[in-house]
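Have a look at the structure first, then read on.

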Amino acid sequence: MVSRSVKLAKDFNEELREDDELIKRLDLEKIKNLMDEFKLHEALDEIFHFIHETNQYINDKKPWKQEGEELGKTLFNVLNACKYIAVLISPFMPDTAKKIAEQLGIEIKSLEDCYVKTKFFNVKIGPHLFEPIKFNQSA
């Protein structure tokens, strides 16, 4: 999701259009409360639900078929969602969060970064977030 979004954004030569259509699907306060109550598995469930929502948004919007302002809005929504995901997973998966942040051209300082609006992403194509699993073929 991050790689394909960054690639599309890197190839997009127009201005991203700020929009919050996708972020409205994220219950940030619920996640914050669950983390404050140390209900970490439930917080992770909510985060991964939002990751699923983001993937569904991409599949529904089909940004590879869009152009102009419509594409600018979709890309902003997806990159912004990736920012929130990176911030939210940072306590659980710091290396993955750092890779996402580097590809978005942002810095993660704390969970409070979710409350700071990002209007500009300096995207860079980076390494895969996860290495492929290699199975032993000799068995």
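Is the crossing of helix 1 and helix 4 left-handed or right-handed? It's left-handed. Keep in mind that this is a predicted model.

**Helix 1 and helix 4**

- Helix 1 covers residues 2–11 and helix 4 covers residues 68–89; their axes come within 10 Å and cross at roughly 135 degrees.
- That angle is why helix 1 counts as oblique to helix 4.
- On the helix 1 side, the contact is made by Val 2, Ser 5, Val 6, Leu 8 and Ala 9.
- Helix 4 answers with Leu 75, Val 78, Leu 79 and Cys 82.
- Sort the residues of this contact by class and you get 8 nonpolar, 1 polar and no charged.

**Helix 1 and helix 5**

- Helix 5 spans residues 94–104, and its axis comes within 10 Å of the helix 1 axis, with a crossing angle of roughly 10 degrees.
- So helix 1 runs roughly parallel to helix 5.
- Val 2, Ser 3 and Val 6 of helix 1 make this contact with Ile 100, Gln 103 and Leu 104 of helix 5.
- Val 2 and Val 6 of helix 1 turn up in the contact with helix 4 and in the contact with helix 5.

**Helix 4 and helix 5**

- The axes of helix 4 and helix 5 come within 8 Å and cross at roughly 150 degrees.
- With that angle, helix 4 is therefore roughly antiparallel to helix 5.
- The crossing of helix 4 and helix 5 is left-handed.
- From helix 4, the contact draws on Leu 79, Cys 82, Lys 83, Ala 86 and Ile 89.
- From helix 5, Pro 94, Thr 96, Ala 97, Ile 100 and Leu 104 take part.
- By class, that contact comes out at 8 nonpolar, 1 polar and 1 charged residues.
- Leu 79 and Cys 82 of helix 4 touch helix 5, and they also belong to the contact with helix 1.
- Ile 100 and Leu 104 of helix 5 likewise contact helix 4 as well as helix 1.

**Rings**

- Searching the whole structure for aromatic pairs turns up 1.

Notes: Residues are numbered from 1 along each chain as its sequence is written. This is a predicted model: local features need pLDDT of at least 70, side-chain atom pairs count only at pLDDT 80 or more; totals for chains, interfaces and linings use all residues. Side-chain values use heavy atoms; hydrogens and water are left out. Axes are lines fitted to C-alpha atoms, for helices over the stretch in contact, and angles run from 0 to 180 degrees between N-to-C directions. Helices (H or I, at least four residues) and strands (E, at least two) are DSSP runs, numbered from the N terminus. Angles under 35 degrees count as roughly parallel, over 145 as roughly antiparallel, 65 to 115 as roughly perpendicular and the rest as oblique. A crossing is left-handed if the near helix is turned anticlockwise from the far one by less than a right angle, and right-handed if clockwise. Contact means heavy atoms within 4.5 Å. Ala, Val, Leu, Ile, Met, Phe, Trp, Tyr, Cys and Pro count as nonpolar, Asp, Glu, Lys and Arg as charged, and the others, Gly among them, as polar. Rings of Phe, Tyr and Trp (its six-membered ring) pair if their centres lie within 6.5 Å; planes under 30 degrees apart count as stacked, over 60 as edge-to-face and the rest as tilted.
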